[in-house]
Amino acid sequence: MDIVCLDFRKALGAVSCKILTFKLMTYGLDEQTAKQIENRLNSQAQEVVISSTKLSWRPVTACIPQGLILGLILFNVFINSLDNGVDCTLKLVDDKITE
């Protein structure tokens, strides 16, 4: 028996928007809608405030930013084919570990 444990706690920042768009179309989303989602995700910006001092707006480098309402759904679409090509019985488990 082999066991592989993957920690996805910081994985939202590692999602590729191009791959996510391709997977959305694979699941039946039309190309125009998938591209609109990709454009929306690529145009995110954030402003940091430290002790009432605002820093300049910066682009968000993560394809799926933390706190996005659809973030977990999009992430599940992204990792859903993780076991493709693996010849074994695979169980995906979310244990909801909190720190």
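Mentor: What follows is a conversation about the words used for this model, which is a predicted one.

Trainee: How many helices and strands does the chain have, and in what order do they come?

Mentor: The chain has three helices and four strands, and from the N terminus on the elements run α-α-β-β-β-β-α.

Trainee: Why are α1 and α3 called roughly perpendicular?

Mentor: The axes of helix α1, residues 17-26, and helix α3, residues 71-79, come within 9 Å and cross at roughly 85°. An angle from 65 to 115 degrees counts as roughly perpendicular, and α1 and α3 are therefore given that description.

Trainee: Which residues make that contact, and of what kinds are they?

Mentor: On α1 the contact is made by Ile 19, Leu 20, Lys 23 and Leu 24, while α3 contributes Leu 74, Val 77 and Phe 78. Sorted by kind, the residues of this contact are six nonpolar, no polar and one charged.

Trainee: What makes you say that the charge of Lys 23 sits over the ring of Phe 78?

Mentor: The charged end of Lys 23 is 5.2 Å from the centre of that ring, and the distance has to be within 6 Å, with the charge also within 35 degrees of the ring normal.

Trainee: How many aromatic pairs are found in the whole structure?

Mentor: A search of the whole structure finds zero of them.

Trainee: Which residues of α3 are buried, and what covers them?

Mentor: The buried residues of α3 are Gly 71, Leu 74, Phe 75, Val 77, Phe 78 and Ile 79, and the elements covering them include α1 and α2, the latter spanning 31-42. For the chain as a whole, 23% of the 99 residues count as buried.

Trainee: Is Glu 38 buried or exposed, and how do you know?

Mentor: Glu 38, which lies in helix α2, has a relative accessible area of 5%. Buried means under 20%, so Glu 38 is called buried. Leaving aside residues up to four places away in sequence, Glu 38 touches Cys 17, Lys 18 and Thr 21.

Trainee: Why is Ala 11 counted as buried?

Mentor: Ala 11 belongs to the segment before α1, and its relative accessibility is 15%. The limit for buried is under 20%, and Ala 11 therefore counts as buried. The C-alpha atoms of Ala 11 and Phe 75 are separated by 8.6 Å, although these residues are 64 residues apart along the chain.

Trainee: What share of the contacts in the chain with a separation of 6 or more comes from residues 24 or more positions apart?

Mentor: Such residues account for 54% of those contacts.

Trainee: What makes Ser 51 and Ser 52 count as exposed?

Mentor: Ser 51 is found in the loop between β2, residues 49-50, and β3, residues 53-54, and Ser 52 lies in the loop between β2 and β3 as well. Exposed means over 50%; Ser 51 has 68% relative accessibility and therefore counts as exposed, and Ser 52, with a relative accessible area of 72%, is exposed too.

Trainee: What is the phi of each of these serines?

Mentor: Phi of Ser 51 is near 50°, a positive value in a residue other than glycine, and Ser 52 has a positive phi of about 65° although it is not a glycine.

Notes. Residues are numbered from 1 along each chain as its sequence is written. This is a predicted model: local features need pLDDT of at least 70, side-chain atom pairs count only at pLDDT 80 or more; totals for chains, interfaces and linings use all residues. Side-chain values use heavy atoms; hydrogens and water are left out. Axes are lines fitted to C-alpha atoms, for helices over the stretch in contact, and angles run from 0 to 180 degrees between N-to-C directions. Helices (H or I, at least four residues) and strands (E, at least two) are DSSP runs, numbered from the N terminus. Angles under 35 degrees count as roughly parallel, over 145 as roughly antiparallel, 65 to 115 as roughly perpendicular and the rest as oblique. Contact means heavy atoms within 4.5 Å. Ala, Val, Leu, Ile, Met, Phe, Trp, Tyr, Cys and Pro count as nonpolar, Asp, Glu, Lys and Arg as charged, and the others, Gly among them, as polar. Buried means under 20% relative accessible area, exposed over 50%, partly exposed in between (1.4 Å probe, protein chains only). Rings of Phe, Tyr and Trp (its six-membered ring) pair if their centres lie within 6.5 Å; planes under 30 degrees apart count as stacked, over 60 as edge-to-face and the rest as tilted.
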